[in-house]
Each structure stands twice: as structure tokens, then as C-alpha cells.
Amino acid sequence: MNAQPSLPDRPRLLFVDDESRILVSLKSIFRNDYDVRIANSGAEAIDILRGWPADVLVSDQRMPEMTGVDVLRSAAEIRPTTTRILLTGYSDLEAIIGSVNDGEIFRFVSKPWRRNELRDTVAAAVKATARALTANDEPDTPAVPEPVSSVSVADQPGVLILDADAAEREALRHVLSADRPVHVASSFLDALEQIRTHQIGMVITESSIGGEPVTTLINGLHSLRPGLVYIVLTGQPDAQHIIDLINFGRVYRVLRKPINVSVLRGTVNLAARRHQSLARRPERARELTEEVAPMPPERQNRGLFAKIREFLHA
Amino acid sequence: MFFRKWIAVLAVLGTVALLSVLVIKSQQRPLDARLASDQLAQINYSTRLAEQFSREITRTRITRDTSFAALDGTVALWESADARLAADETGLADGPDTGTTLNRYRSAAAQRRQELADFKAAQLTFITAFERLRLEAENTLASLLANEAGIATREQVITLLDELASYGLQANPNNGGRIYSLMARLNGSVPAFEQAAREVRAAKDALQPVADSLTSDTPVALLDQLGAQVRDAIAAQDARIEHYTLALAAFAGALLLVFSLIGLRLRGSFNELDSINSNLEKLVEQRTDELNRTLEELRMQQAHLIQSEKLSSLGQMVAGVAHEINTPLGYALSNVETVKESLAIVESAGGLSDDAQERMVEADVLLEDSMHGMNQIDELVKGLKNFSRMDRSATELFDLNEGLETALKICQNQLKGGIEVERDLSELPAIHCAPSQLNQVFLNLINNASQAIDGTGVIRIQTRHEQDQVTIRISDTGCGMDADTRAHIFEPFFTTKAVGEGTGLGLSIVFRIIEDHGGRIDVDSTLGAGTTFTIPLPVRQTRTASASAAALVDDAAEPPMSAALQASA
């Protein structure tokens, strides 16, 4: 991998798009401050990545042959430390959910982009890469799986299930309670109370509780409880909502209902590992938290953020 | 079935035949009746003549008539009466009983008339003998001496004469004896007289049996018997007729009973039929109602299908268009910003001529305008995406003012010209709803409002929040509509537009959507003055719109909760 602990003077950016005018335009924005390379297709981008450690990869989604999510997934395998951004004019839900679960993207940016906003996002991505290189993050998936039984159930970090539907809550608790302590909540305040009083490592939540998207809650919790890992379940996925969950919630996974039980177990195990990794390095957890985009003021929902802060500090 | 039909026909024929027979049999035949009375009259006539004959005989004997004129007249009448009695027309000879009796009578009568000759001879002999006796008596009495013996003889002669006279007229039991004793007493004293007396007595004795035989009542008795037989025959016929009448009455009664029973059964059948009919009517009515309901549902479903098809294809189109527009828009906007920045750098470097400087300023303005235009394009595409809600959840918390603004933005093109839009929007709480559907409602109503306005006019959009309810009011100053149109506007496929211009689905969909959201839609319209639609919606939904939303928007259906977790295979 030949990873260096620090960045070169000019961070390396790789842009992928099948429309070359987009590439020209992007290059014109960044060429003064960054070492920019461009690729006209996914395959070309992968080729470049193999020989050139890009710090940030920005890809279009809708491309012939290889989609953006495919590119990001391959990139994550070749260069795990490269921060990945999706820049797209329109994405279907599958692509968006895939970009979270498979691409583990840093941000989702819509076309047409705002020049300054894109600059800020890229700068944040470069910073995230630098930190990742310094922290030398370990992958979530270990080479040899650890036997789960070596640690007792009670010692495992707890899982909080936030869901307004009682039957679904119980079904989830039933599936998960064999491996780790499970706590349940049916409203935001319930959830805050559980997080305050129990040791919680991950939150499995319905995308909306009582019609209110959970984005605000997750965004607020990031700074207050660094190291929490979020899995979002959704029945009626809303593209914009999931994009928000990526940008402002930095959620770990999004699972679409109906959910396969083995997929759920696997995802929860991965999330637990991630939490443990972050729990061992609180500084790194805090760093990652800082990378979460702040909610724009107009979207901060009726002082819920303040409520969260107040509640957790009480 | 076939046999039953024939049996019924035979039964009817049998009944009619029996009835006819009974009617005919029970009729008194007028011919028979007249015949019988004729017979009786003839019999009576013959009887009267037979009796008259006997009376004539008696009278002839008493009056010592020797002409026999009256007797012969009676006999002639009697004979002709008997001939008529035996004639074929009377029909008496045909009857078995009456025939025999008639024959017996006729032979008896004929015998009587034959005996008449004997009677006449005997009568003549008697009268002649009696005349001689009278002459002999006068002679004898004149010859008798007026002595004792003569007087005694005279007395004896006179007594004998009296006895003989009464004997000759009507013999009584003592006459014969006395005559014999008187004759014995005379004992030849007056031989001529005695001879004459003996002759009278002999003539009388010869006449008596003949007269007795003639005056016997045998023919009359036979005629009586004949009459009795005729009357018996009439009585027998009457009795027979009476039997038939009785039978007819009984049969008629039986028929009446049968008809009553049939009538009763018919009535029962009719009642049953009536009730079946009324049930059938009810059933038909019920079925018709069901069919109408089904038809209505089908129409609704069709309308929904068309609508969801429209929404779905709109969503797909928007998805494609959004990508196609956003890509060029992306670099165009970005490039303009870059160029603008570059120009600023060039400008700040200085050393430009006045003309170039001016052009720089102008270029900056133009670029600013280009950015504005592109931002507008971006907004429009976002509006389309928002409107189609292709990848948005079916129900969410939504600010209706935002929906109204989106709809207005999409309708913008139509609202140019003389149409002024007045916004009177209050702050609304976000309500739990299906935004794509409500957007559809707003777009429809604003669209209709703009189409109602010909030339210049005002569309007024008002929102209000009162406790648990938000109210949206969209009014226009357009053409309005009449009561008839107003009554039908919410029906599927009702349209006032020309064929091909509108599907007539708009307001029926609007109605359904509002209903699904637990709201109501009221319309107030004055022809020529304008129309106002008022929609009150509950802030808290009593029933979730997600079920109907699932039917309207593909891929948005929430799986049942139990299916939210799928066991691994």
C-alpha cells in the first residue's frame, strides 16, 4: 500500500465522469491547489488508482459499463484510505443505498454543484484522508474472524433499537438479544434516556420516528457521543432523506425492509467491531465526528439539537 | 310432462261430455210432454164416449127407443175416437205396457159394438113382445066379466102387467118369483095374455144379459188403466229427469268445488308468484346496486390506475430529464463561476483599456444573469423532482405551503399574461401526509383556476391553521360553473373540456386524495363570477394515507410489519 503518514504538498484528486466537459470544469476549479487527474470511465479510474494513491476520489454515478458505486467499491478495496465522494445529477435509491453500504462514501454531492461548497467538501475529504493515514485505521473486516463466544454477552456494547412500531421492535430484539444487550426506545426522548443510562455502542433506528426524520438526532448525537455507530432501517426509502443521512448523519449502513435476518446479524457484527475499534481510540472517534457536516441552520429541527444536548448533559 | 298434458286434456273433455249428457238428460222434452197430454186427452175422450155409450144403452132400454139414432151417433163418435187413440201419432201403440192395454181395450170396445146388434134385436123383440102384452092385456081385461072371478083375474092380470113392466125396465130379485106365482095363479085362465106375458119375460131374459154385457165397465176400466199407465210413464220420466237434475246439481257442485280448489290453489300460486316476483325485484335491485357499486369502484380504480400510471411515467421521465439536465447544468454553472472568478483576477491585474474595462463589467453582469438563469433551471428541475416524488417516501411531514409554491412554480407558464396570483399564506404546521398526492391536488386546482380565467383575473391562494385543522382555499375570478356542472365535477371522467383535452380525472382524483387524507373538499361557484375550492385537512391523520399511497405510487408500499424481518433461507 505504501501509505505515507502525511500528505504531499498538493493533495491528489481523481475525478471520474463519462462527460468530459464535467471533468474539464472540475479540473479548472481544483488544478491550482491540487494534483488533479481525470478519468472518462470507471475502468480508467481503477487503472489510475492502482498506480497513483489518490487522496480523494470523486465519481459520477450514472456511467456506462461501470457505475459510480462499482468504482467506489473497487476503490475502497485498492486504496481504503482514499476518501470517496459521489457527484451525481440523479441517482436512484439502489445507487444511493449502495454508495453507503458498499462505497462507504464520505459525501453525496448533487449536480449542479456550488463551486465553493464543492471546494469545502473536497477540502474536508482531504483532511479526513490525512487523519485516516495518521491513525492507520484497521479494516472493519478482520482477516481471521474472532470467536464471538470469547466475550460474554453482557460485556458487549449495547444495542439501542429505536422504532415506533412495537411488533417490529420486539422482532429485532428477539433476533439480536442472543449476542449482546439490547435496549429499546419508541421515541427520540426514549432513545436519549436509554443512551444516557446505558452503555450503548450502536443505534439501530427506523429512518423516521413519528414522521420526523432521524437525521437531526444522529447529527446531534455525533458530537455528544463519538464512537456511536448507526444502522438505519427503512421501509419507504426517500432518496433525499438517505442523502441527508449520509452527509449529516454519516450512518454506517442503511438496510431496506424486508430485512434478511442473516444480513442483519452480519451488519450488526461489523458495526460492533467498528464501535470497538473506535472505543479503543476515543481521539480518532472524535476526529471522525468532526468530519460530519454540520446541519444547515434552517434544517435544524425546532431546537431538537438543543434538547439533545440539554438532555445528555443533565 | 307430455302424458300429464294429455291426461289434463282428457279430463277436461270427459268433464264437458258428462256435463252435456246430464244437461240433455235433465231437460223436460216439450214434444214428450205434449204427446203425453194428447194421449191423456184422447183417453179421456174415449172414456167419456164409452160411458156415454153405456148411458145411451140404459136410456134406450128405459125409453124403449127403437130408432137407436142417438146410440148409433155415440157409437160412430166412439169408433172414430178409438181409431184416433190407436193412431200412430198418439204413440200409445208403441209403449210396451200401453200397447197391450190399448189392444185389450180395442178388442173389448169392438166386441161391445158387435154386441150392439144383438142388443138392438133383443130390444126390438122385447118391445114387440111388450106391445103385444099391452094389447093382450087390454083384450083380456075387456073380455073379463064383472064377476068375482073376473075381478080377481083382472087384479091378477094388472098385477102381472105391473110386475112385467118393472121386470122389463129394471128387474129386482122378487119380480121373477112373483111373475111365476102370478102365472101359476092364472093357470091358463087368460091363455093369450099368459102367452104374451111369457114372451115378454123370455124377451126380457134374452135382452138382460146382452144389455148387462153392453153396460159393463170393462172398456172404461181398460181406458183408466191406459191413462194410469201414461201417467205412470210421465211420472217415471219425471223421476228420471229429477235424478239427472240431482246428478247434474251434484256434478255442478263437485265441479264448483274442484274449481274453488283450483282457484284457491291458483290464488296460492299467484300469491307465491307475487312474493317471488317482489323478491326477484328486490334481488334485481340489490344486484343492480351491487353492479353499480362495482362499476363505480372500477371507474375509480381505472381513474387511479391512469393517475398512478401518469405519476409513474412522470417520475421516470423526471428521473431521466433530471440527470440529462443536471450534467450539462453542472459544468455550465461551475464554468460560469470559474470564468467569473477568472475575470475578477484579470480585472484586478489592471492595465485594461476603458473599453475593455467596460466590457469586463458588462461580462460580469451577463455572467451573473447566466448564473441566475441556471439556478432557475436547477430550481425547476428540483421542483419537478419534488413534485413527482419518485423516490420520496409516500407519507411524511410536509408543509402544505411548500407544496402550493411547488405547484405554482410548475404552473408558472400558464399563470403569465393577465392572471395575477395572490398569496395569503399563514404559517402551517407540517402535517403527516402524502406530499406527492397533495401536490397533485394543488396543481390540479391551480390549473383549473387558470383555465377558468379568460383574459385577466386573479387566483387567490389562502392557507389557515386553526387548532387541529389546516384549510387551503383556492379561488379564481373565472367563468364559474352552473349547478349542474357543480353537481358532477367530482365524478370520474366528467369533463367540460373538449374531447381529447382533458381526461376528466382531475377532480375525481382530487376528491379521493382529500378523502384519503381525512379531509373534505367544498366547492362554491357562481356562474360568471368565479369558483372557490375549500379544503379543510386534519393536522393529525386519523387514518394513514399510506395504504392508498401504496396503491398510487409504485415501490413505495410498506411491507407488513411481520414481513419487515425476513427469516434467512
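When I say two rings pair, I mean rings of Phe, Tyr or Trp whose centres lie within 6.5 Å. With that in hand, look at chain A: ring pairs link Phe15(A), Phe30(A) and Tyr34(A) into a cluster. And before I go on, please keep in mind that this is a predicted model.

Let me stay with the rings for a minute. Over all chains, the structure holds five aromatic pairs. One of them joins Phe30(A) and Tyr34(A), edge-to-face, with 5.6 Å from centre to centre and 70 degrees between the planes. Are those two residues buried or exposed? Both Phe30(A) and Tyr34(A) are buried.

Over in chain B, Phe68(B) and Phe119(B) make another edge-to-face pair, at 6.4 Å centre to centre with 65 degrees between the planes. What I like here is that the pair links distant parts of the chain. Phe68(B) sits in the loop between H2 and H3 of chain B, Phe119(B) belongs to helix H4 of chain B, and 51 residues separate them. Again, Phe68(B) and Phe119(B) are both buried.

Chain A also has a couple of charges over rings. The charged end of Arg107(A) sits over the ring of Phe106(A), 4.3 Å from its centre. Likewise, Arg253(A) places its charged end over the ring of Tyr252(A), 4.2 Å from the centre.

You all know the background: in soluble globular proteins, nonpolar side chains tend to be buried together. Here the largest nonpolar core has 52 residues, and our friend Phe119(B) is among the members that touch the most others, along with Phe53(B), Leu85(B), Leu116(B), Leu133(B), Leu160(B) and Phe193(B). Which elements give two or more residues to this core? They are helices H2, H3, H4, H5, H6, H7 and H8 of chain B. H4(B) gives the most, with 14 residues.

Take Leu133(B) as an example. Setting aside neighbours within four places in sequence, Leu133(B) is in contact with Leu161(B), Leu164(B), Phe193(B), Ala196(B), Ala197(B) and Val200(B). There is also a second, separate core of 48 residues, which includes Ala45(A), Ile97(A), Phe108(A) and Leu224(A).

Leu22(B) is in helix H1, residues 2-26, and counts as buried because its relative accessible area is 8%, with the cut-off set at under 20%. What does Leu22(B) contact, beyond its neighbours within four places in sequence? The partners are Tyr244(B), Ala247(B), Leu248(B) and Phe251(B). Then there's Ala252(B), 230 residues from Leu22(B) in sequence but 10.0 Å away in space, C-alpha to C-alpha.

Last stop, the sheet. Chain B has an open sheet of five strands, ordered S2-S4-S5-S7-S6, with mixed pairing. S2 (419-425) and S6 (522-526) stand at the edges with a single partner strand each, so one side of each has no neighbour in the sheet. On average, neighbouring strands are turned by 10 degrees against each other, direction ignored.

S2(B) pairs with S4(B), residues 457-466, in the parallel sense over seven bridges. If you want one to click on, Glu420(B) has Val458(B) in S4(B) as its bridge partner.

Now the helices on that sheet. H10(B), residues 400-411, lies across S2, S4, S5 and S7, running at about 170 degrees to S2(B). H11(B), residues 435-452, packs on the sheet too, touching S2, S4, S5 and S7, and its direction makes about 25 degrees with that of S5(B).

That's my tour, thanks.

Notes
Residues numbered from 1 in each chain as written. Chains lettered and ligands numbered in written order. Predicted model: local features only at pLDDT ≥ 70, side-chain atom pairs only at ≥ 80, totals over all residues. Heavy atoms only, no water. Pairing = 2+ DSSP bridges. Helix = DSSP H or I, 4+ residues; strand = E, 2+ residues; numbered from the N terminus. Axes fitted to C-alpha atoms, helices over the stretch in contact; angles between N-to-C directions. Contact = heavy atoms within 4.5 Å. Buried < 20%, exposed > 50% of the residue type's maximum accessible area, 1.4 Å probe, protein only. Core = buried A, V, L, I, M, F, W, Y, C linked by side-chain atoms within 4.5 Å. Phe/Tyr/Trp six-rings, centres within 6.5 Å; stacked < 30°, edge-to-face > 60°. Lys NZ or Arg CZ within 6 Å of the ring centre and 35° of its normal.
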